[in-house]
Amino acid sequence: MGVCTQLSTFGRNQYFVDTLTASTARFIVVGGLAVQFYVPDRQVDDLDILIDPSQETAAKVIAALSSPLFHHSITVEQLTQLKRIQVPVKIDFYLDILTPGPEIDFAQEWTLAREAKLGATPVRVAAIETLLKLLSGSQEPKHIRDIELLKRVKAGTPQVPL
């Protein structure tokens, strides 16, 4: 079983990722796209990223979202608070921006992340252990299914049909 090192997303999301990467903002691809990295048959709808909760990265995320073409009300304060949050950006993009909260050590998860490409842009994709931490406790059916798929990949057992 291989990994899917070439990932894709919807048009404006690619612009956002390209802008973040060019600014050297630290973020990790998580969510369905990260699960697809390990389980290539996994269908994906949006892009989820986990950002470094630093002031520097928060400012870069705000800058990447700021343009006369795009509208948002996200603040640096939201992106740097100690609690874990999820900010949906669904008007101009189809993505969610997540902050790690106190239970996730972003620096550690960054070192565990795997390399991939989103379009032509190099990105880091969350390790299976990171994804399992982020999904733990969720009762959403798609998250329960993702946990099952990731545990099977981790154990090296054959995939079940999606």
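Let's start with R84, which pairs up with E103 in a salt bridge whose closest N and O atoms sit 3.6 Å apart. R84 is in the loop between α4 (76-80) and β4 (86-89), while E103 is in the loop between β5 (95-98) and α5 (106-112), so this pair ties together parts that are 19 residues apart in sequence. Keep in mind that you're looking at a predicted model.

Why might such partners find each other? Side chains of opposite charge can pair when their charged atoms come close.

Now hop over to D52. Its salt-bridge partner is R26, with the closest N and O atoms 3.3 Å apart. Look for D52 in the loop between β3 (47-51) and α3 (55-65), and for R26 in the loop between α1 (11-22) and β2 (27-30); the pair therefore ties together parts that are 26 residues apart in sequence. Is D52 buried or exposed? At 14% relative accessibility, D52 counts as buried, because the cut-off for buried is under 20%. R26, at 27%, counts as partly exposed.

Helices get linked up too. E129 forms a salt bridge with K154, and here the closest N and O atoms are 3.9 Å apart. E129 belongs to helix α6 (residues 128-135) and K154 to helix α7 (residues 141-155), so the pair ties together parts that are 25 residues apart in sequence. E129 has a relative accessibility of 36%, which makes this residue partly exposed.

How many salt bridges are there in total? The count comes to seven, and the R84–E103 pair you began with is one of them.

Key:
Residues are numbered from 1 along each chain as its sequence is written. This is a predicted model: local features need pLDDT of at least 70, side-chain atom pairs count only at pLDDT 80 or more; totals for chains, interfaces and linings use all residues. Side-chain values use heavy atoms; hydrogens and water are left out. A salt bridge is a side-chain nitrogen of Lys or Arg within 4 Å of a carboxyl oxygen of Asp or Glu. Helices (H or I, at least four residues) and strands (E, at least two) are DSSP runs, numbered from the N terminus. Buried means under 20% relative accessible area, exposed over 50%, partly exposed in between (1.4 Å probe, protein chains only).
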